[in-house]
Each structure stands twice: as C-alpha cells, then as structure tokens.
Amino acid sequence: MGDAARVWRHRTGEITLDRTRVMGILNVTPDSFSDAGRYFDPDAALRHGLEMVEQGADLLDVGGESTRPGSDPVTANEEWRRIGPVIHDLANKVDIPLSVDTMKPDVAAKAIDAGASIVNDVSGMREAAMVQVVAGSRAGAVVMHMLGNPKTMQTHPQYDDVLGEVSSFLVERIRALEAAGAATEAIAVDPGVGFGKTREHNLALLRNLDRIVALGHPVVVGVSRKSFIQQLDGGESGERLSGSIAAASLAVAKGARIVRVHDVRETVRAMRVADAVLRGEKL
Ligand code: HH2
C-alpha cells in the first residue's frame, strides 16, 4: 500500500501522472460494442489514431479483438493481421506511447517489436507467457480485472465482496509480474468496469476506487460509452458522452490517473477542468 503513483514507466520512457492522462481507444475490429467496423480498414484506423493525437491523447490503445460481453475470441493470426500494420504505421508517425490491447502473449510480443510500449491485458496477465513477455521487454503493463472470459462474464456475475476480490486479484497479478522481473513503476491496474460486473458492481467499484488507488499503482479506468451509463442517464438517443464524462471525472476525483476513452477531444477538455479543481491551475 502506498501513495498514489506519480509516474508510469514503459518500454520507451515514462508518463508523469501530475495530471490526468487520456488514453484514446483505437479498435481495429469489425464488431466492437461502440465503434464496430469504423476503423477496421487500416487506413481509417491510422487516420483516426492521428486524429486522436491531434485532439490531445496522451497515449493510444490499439486492439484487434472485441471483448464485449458474449464476443467470440479471434485467432492470434487474425488479431495481428488487423493491428500489425496500424501499430507499425503509428509507431513511425506519432511521439506518444502506444499500448496494445490484447490477451495473447504472441500478439503482445509482436506489437512490442513493432513499437508498442505498453501491454493492456483485460484478462489481467493470467497467462504465464504474457507475464514473461511484459517483464522481459520492460513494457508498461495494464493489469485489468475480469471475472471469467468475455463470452460468459455477464451471465450472473457474483461476488461476496467485489472491492476485496478485485483488489486481491490485482495484488496477486502485480506480484506475479514483479516476481518475473517487471518494475513496480511499470504496472498500472484497472478494476475492469463492465467485465463480469453488474451495474451495482460497477458503481461500487467507482464509488470506492480509492481502495484500488491505495494499492499504490497508477489506476486506469475505462467507462467510456459502457452500457451501465446508458442504463443510468435516461437518454434514449444512444448518446453516452455526458454520462461517460461524469463517470470519468468522478473516477479521477477518487484517484484514477488514466482514463481510456473513445471521445478524446471532449474528455481532454473535461479533464482540464477536473484537474484544475482537484490539483490547481498549473497546467
Ligand atoms: N474496456 C474495453 C476494452 N479494453 N481495457 C482496459 N484496460 N479497461 C477497460 O475498461 C477496457 C479495456 C471494452 O471497450 P472497447 O474497447 O470500446 O470495446 P470492445 O472490447 O468491444 O472492442
């Protein structure tokens, strides 16, 4: 247990956490829950990545496999076919760090070779081979909690103590990474909003996020456009931006330092205000 983390180390440098960092989502998939197919074409994905950089993203998270509830896995070959060219091109064109959103050690290793600096694994690096890839390459890590797997995770998720169980899982995975040689400062954690959680579980995790922050690692939160937002905000149009920004702002007030979002421009502006309220106007 320690103070909120101040830096996040990764393979090619470090990200200071004196202000909220915005991680732009780049889904090179035909079936993601929110932006299905929009950036499946590598040129469209590259354009969108560059656009998010211009809008102020601090890092980009590139994924080639949807993990929406009920989704089927794709093969490592297919996943790499989708994201390989995009990561190569972005690594040559942008200065901000790239993370790869994958559960597969082979894909993570190739992405690192192609220029990614961080591995974001929604399965929490449960596979020993993933731990080895991350520790061996000195990549930054996002260790996320998920109950089960995407196919079944939303079928009656149950916990005796959601905060306690998510925290214990994260601590166990942090230890596994450290035992394999990963630097403590390279490991960020994420409670995994929507991954095997009911609406009440999601709200309890966000309300008590300070308990995850107390683990002493940078906390990443992904609430952007998730279905619990629409269940709560009363909107019928499908517009989820206002609710996403409300949830991200409150997560940041509880100590989250990195927000994973689809709407970079709007979130960057909102986080400037949130940061000024929380930490003063030194921006
Ligand atoms: N959520 C999604 C995917 N990856 N990674 C982290 N660390 N935290 C999250 O909350 C998270 C994540 C799901 O969102 P999205 O990528 O938009 O959808 P899909 O999985 O359908 O591609």
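The legends below describe close-up views of a predicted model.

**View 1. Strand 5 and its two parallel neighbours.** Strand 5, which spans residues 98–101, pairs in the parallel sense with strand 4 (residues 59–63) over four bridges, and it pairs in the parallel sense with strand 6 (residues 118–121) over three bridges.

View 2. Strand 4, helix 2 (residues 76–93) and strand 5 form a β-α-β unit that is right-handed. From strand 5 the chain then passes through helix 3 (residues 105–113) to reach strand 6, and this β-α-β crossover is also right-handed.

**View 3. The packing of helix 1 against helix 2.** Two packed helices are described by the angle between their axes and the distance between the axes. For helix 1 (residues 42–54) and helix 2, the angle is about 35° and the axes lie 10 Å apart, and the crossing of this pair is right-handed. On the side of helix 1, the residues that take part are Pro42, Ala45, Leu46, Gly49 and Leu50, and they meet Val86, Asp89, Leu90 and Lys93 of helix 2. Sorted by class, this contact has six nonpolar residues, one polar residue and two charged residues.

**View 4. Helix 6 and the elements that cover its buried residues.** In helix 6, which runs over residues 199–207, the buried residues are His201, Asn202, Ala204, Leu205 and Leu206. An α-helix has 3.6 residues a turn, so residues three or four places apart point the same way. The cover over the buried residues of helix 6 includes contributions from helix 5 (162–179), helix 7 (209–213), helix 8 (227–233) and helix 9 (241–253), together with strand 9 (220–221).

View 5. Arg21 belongs to strand 3, which covers residues 21–27. Arg21 counts as buried because its relative accessible area of 11% falls under the 20% cut-off. When neighbours within four places in sequence are left aside, the residues in contact with Arg21 are Ile15, Thr16, Asp58, Arg257, Ile258 and Val259.

Methods:
Residues are numbered from 1 along each chain as its sequence is written. This is a predicted model: local features need pLDDT of at least 70, side-chain atom pairs count only at pLDDT 80 or more; totals for chains, interfaces and linings use all residues. Side-chain values use heavy atoms; hydrogens and water are left out. Buried means under 20% relative accessible area, exposed over 50%, partly exposed in between (1.4 Å probe, protein chains only). Contact means heavy atoms within 4.5 Å. Two strands pair if DSSP finds at least two bridges between them. A crossover is right-handed if, with the strands pointing away from the viewer, the path from the first strand over the helix to the second runs clockwise. Axes are lines fitted to C-alpha atoms, for helices over the stretch in contact, and angles run from 0 to 180 degrees between N-to-C directions. A crossing is left-handed if the near helix is turned anticlockwise from the far one by less than a right angle, and right-handed if clockwise. Ala, Val, Leu, Ile, Met, Phe, Trp, Tyr, Cys and Pro count as nonpolar, Asp, Glu, Lys and Arg as charged, and the others, Gly among them, as polar.
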